[in-house]
Amino acid sequence: MTGLWWNRDNLASIFGCETEKLSFLFADAVAALHSNPVEPVIVDKAPAQSFVMDEPDLGKIPVPTHALKDGGPYFSNCVVIARDPETGIRNTSVHRLMVTGRNRLGLLMDVGRHLRNYYERAEAMGKPLEITINNGPHPAYYVAAITPSAAAPIDVDELAVASYLLGEPARLCRSLTVSTEGIADAQMIMEAEILPYVREPEGPFGEVSGYYASREDRWVVNVKAITLNRAPVIHMLHPGREVWNSVGLGVEANMFQSISRQVPGLKKIYLTHGGSHYGVVLQMDPPKNGMAKNAILAAFAAFPPLQMVRVVNSDVNIYDPEDVERAMVTRCDPANDIVIIKNAFCHELNPTVKDNIGAKIGFDCTYPVPKPARYEKISYRPVDLDSYEIV
Ligand code: MN
């Protein structure tokens, strides 16, 4: 199964909230990490352990090769659970995993990720880092796993985010071969270890940026056991739009709150799919001229990877790229309404960025205050189709 994160309406129905509230629900769940964290429970007879493979064999699992030049089949959205080799605190995160053998995977651990920190300390002790790799749990576990480390520091177990969203404690199960727990209701659990001192080629992989990550020697996972749910459905995630959706939903509420502390009048915020996580549209009616530019600066301060901000009024549908483009060409005066900031800190995966340095651009596409008559959009009389007989 793929596409679960493709469409915000689908996700909103799973979480039982309105689409435009979803990011705020996720932000509440992250806030509960600190105000009221609910510990996971360990259950017996976990559905994810209904079947145990005699010998772990990844060749029996339908893992797709996503993009034409990918180095092999990839798991793109498995939830990895590990324990700090010194404190035992749990970490939950998502990593790409390339199938390289019957029981072998290549792994990427980005700089700054807690899993990499755990691994480096385990490796210094000469030990493997035991993990479980959980495929297809409820998406609440995925939300927990993508909680930014700024919100969930290394001494915090982010599974409380899942507990909040589920409305009951997250459900884990004891593993058969490693000391780290798995997710009891996952479709499949791979019990595994990241090997010390071993590096093997991993990649290329069509990444979230829309470009390929290079093939390099990276970390290696040895799979010790595979357990499965009854009639398991293996979950995948398309690394483009689905990741932008999850990044967007993870940061929009925090950005909204951060910008609103600086500038009044913000109504909605959307990290657009076309902009991946480098572009955002703000919907606001600035109370005074010039405040849209302040909002542009506040947005850049709120989320450093951003490279493009567009500000539109509340009569523009920010989820409709055509409506936003129309505001750009009819309400942004290029001589006065564009802000360019050169040589700022940006995200390394964007190919325009070198050594994390790049330029940022903001478009003020709001009309002047007070609103001139020439900016009134054409409107039509609403029609109730039920009062007509349509032949
Ligand atoms: Mn963590």
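A residue is called buried when its relative accessible area is under 20%, exposed when this area is over 50%, and partly exposed in between, as judged with a 1.4 Å probe and with protein chains only. Arg 96, with a relative accessible area of 7%, is therefore buried. The structure is a predicted model, in which local features need a pLDDT of at least 70 and side-chain atom pairs count only at pLDDT 80 or more, while totals for chains, interfaces and linings use all residues. Residues are numbered from 1 along each chain as its sequence is written, and side-chain values use heavy atoms, with hydrogens and water left out.

The manganese ion is coordinated by Asn 91 through OD1, by His 114 through ND1 and by Glu 158 through OE, at 1.9 to 2.3 Å. Donors are here N, O and S atoms within 2.8 Å of the metal (3.2 Å for Na, K and Ca), and sites may look incomplete because water is not among the atoms. Along the chain, the donors of the manganese ion follow the spacing N-x22-H-x43-E. Helices (H or I, at least four residues) and strands (E, at least two) are DSSP runs, numbered from the N terminus.

Strand 16, residues 279–284, is mostly covered, with 6 of its 6 residues buried. In a regular strand the side chains alternate between the two faces of the sheet. In strand 16, Gly 279, Val 281 and Gln 283 point one way, whereas Val 280, Leu 282 and Met 284 point the other way, and all are buried. Two strands are taken to pair if DSSP finds at least two bridges between them. Strand 16 pairs with strand 15 (residues 266–271) in the antiparallel sense over 5 bridges, and Lys 268 stands opposite Gln 283 of strand 16. Strand 16 is also joined by 5 bridges to strand 17 (residues 308–312), and these two strands run parallel; the bridge partner of Val 280 in strand 17 is Val 309. Together with helix 7 (residues 291–302), strands 16 and 17 make a right-handed β-α-β unit, a crossover being right-handed if, with the strands pointing away from the viewer, the path from the first strand over the helix to the second runs clockwise.

Side chains of opposite charge can pair when their charged atoms come close. With a salt bridge defined as a side-chain nitrogen of Lys or Arg within 4 Å of a carboxyl oxygen of Asp or Glu, a search of the whole structure finds 24 salt bridges. Glu 18 forms one with Lys 21, where the closest N and O atoms are 3.6 Å apart; Glu 18 is exposed at 53% relative accessibility, and Lys 21 is partly exposed at 45%. In the salt bridge of Arg 121 with Glu 86, the closest N and O atoms are 2.4 Å apart. This pair links distant parts of the chain, 35 residues apart, with Arg 121 in helix 3 and Glu 86 in the loop between strand 4 (79–83) and strand 5 (90–94). Arg 121 counts as partly exposed at 23% relative accessibility, whereas Glu 86, at 56%, counts as exposed.

The side chains of Glu 207 and Arg 96 also meet in a salt bridge, at 2.8 Å from N to O. Glu 207 lies in the loop between strand 12 (205–206) and strand 13 (212–213), and Arg 96 in the loop between strand 5 and strand 6 (97–101), so that the pair links parts of the chain 111 residues apart. Like Arg 96, Glu 207 is buried, at 16% relative accessibility.

Most residues other than glycine have a negative phi, and most peptide bonds are trans. The peptide bond from Gly 203 to Pro 204 is cis, with omega near 0°, and Pro 204 is placed in the loop between strand 11 (188–202) and strand 12. Tyr 197, which lies in strand 11, has a positive phi of about 65° although it is not a glycine, and is exposed at 59% relative accessibility.
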